[in-house]
Amino acid sequence: VQLQASGGGVVQAGESLVLSCVASGIDSSLYIMSWYRQAPGKQRELVASIDTSGVTNYVPSVKGRFTVSRDSRKNTLILQMNSLQTEDTAVYYCNAQIASLQIWGQGTLVTVSS
């Protein structure tokens, strides 16, 4: 079982990035899939999630800028990030949850410069 995140990089404020998280060993459509992030010196926070019905949830600071979605054919979670701000700089992690089971992927670093 593995979650493989990718797509991080260095961008300037106002630009966009797309993060992907490919799940292997599980059918991710059965899981609540989420993106978390952890900025330097801060706690990890939930950024966006999508449940098994496709209902999405966002932290207020990214609403209207980020979009979380699934590509079920590719067993992949996607985070489209637009209008990036310096405060979005963090390591982004994908997470799969079903009942009390949580699976974490490795992080991908997003750096937004001013």
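## Disulfide

Cys21 is buried, with a relative accessible area of 0%, where buried means under 20%, exposed over 50% and partly exposed in between (1.4 Å probe, protein chains only). Cys94 likewise counts as buried, at 0% relative accessibility. A disulfide, defined as a pair of cysteine sulfur atoms within 2.5 Å, joins Cys21 to Cys94 with an S to S distance of 2.1 Å. A search of the whole structure finds one disulfide. The pair links distant parts of the chain, 73 residues apart: Cys21 is in strand S3 (residues 17–24) and Cys94 in strand S9 (residues 90–98). Strands (E, at least two residues) are DSSP runs, numbered from the N terminus. The torsion about the S-S bond of Cys21 and Cys94 is about 60 degrees, so the disulfide is right-handed.

## Basis of the model

This is a predicted model, in which local features need pLDDT of at least 70 and side-chain atom pairs count only at pLDDT 80 or more, while totals for chains, interfaces and linings use all residues. Residues are numbered from 1 along each chain as its sequence is written, and side-chain values use heavy atoms, with hydrogens and water left out.

Asp71 is found in strand S7 (residues 66–71) and is buried, with a relative accessible area of 17%. A polar atom of the Asp71 side chain lies 3.2 Å from the backbone nitrogen of Arg73. Leaving aside neighbours within four places in sequence, Asp71 is in contact (heavy atoms within 4.5 Å) with Thr76 and Ile78.

Asn75 lies in the loop between S7 and strand S8 (76–81). Phi of Asn75 is near 55 degrees, a positive value in a residue other than glycine. Asn75 counts as buried, at 16% relative accessibility.

## Ser83

Ser83 sits in the loop between S8 and S9. Its phi is positive, about 50 degrees, although Ser83 is not a glycine. Ser83 is partly exposed, with a relative accessible area of 41%.

## Largest pocket

The largest pocket has a volume of about 160 Å³. On a 1 Å grid over the protein atoms alone, a pocket is an open set of points where a 1.4 Å probe fits, with protein on both sides within 12 Å along at least five of seven lines; lining residues have an atom within 4 Å of a point.

The largest pocket is lined by 13 residues, of which Arg37, Ala39, Lys42, Glu45 and Glu87 lie nearest its centre. Its lining divides into two nonpolar, five polar and six charged residues; Asp, Glu, Lys and Arg count as charged, Ala, Val, Leu, Ile, Met, Phe, Trp, Tyr, Cys and Pro as nonpolar, and the others, Gly among them, as polar.

Definitions and conventions. Helices (H or I, at least four residues) and strands (E, at least two) are DSSP runs, numbered from the N terminus. A polar contact is a pair of N or O atoms within 3.5 Å; within protein, one must be able to donate a hydrogen and the other to accept it, and residues adjacent in sequence count only if both atoms are side-chain atoms. Grid points are joined across faces, edges and corners, and a volume is the space filled by probe spheres set on the points.
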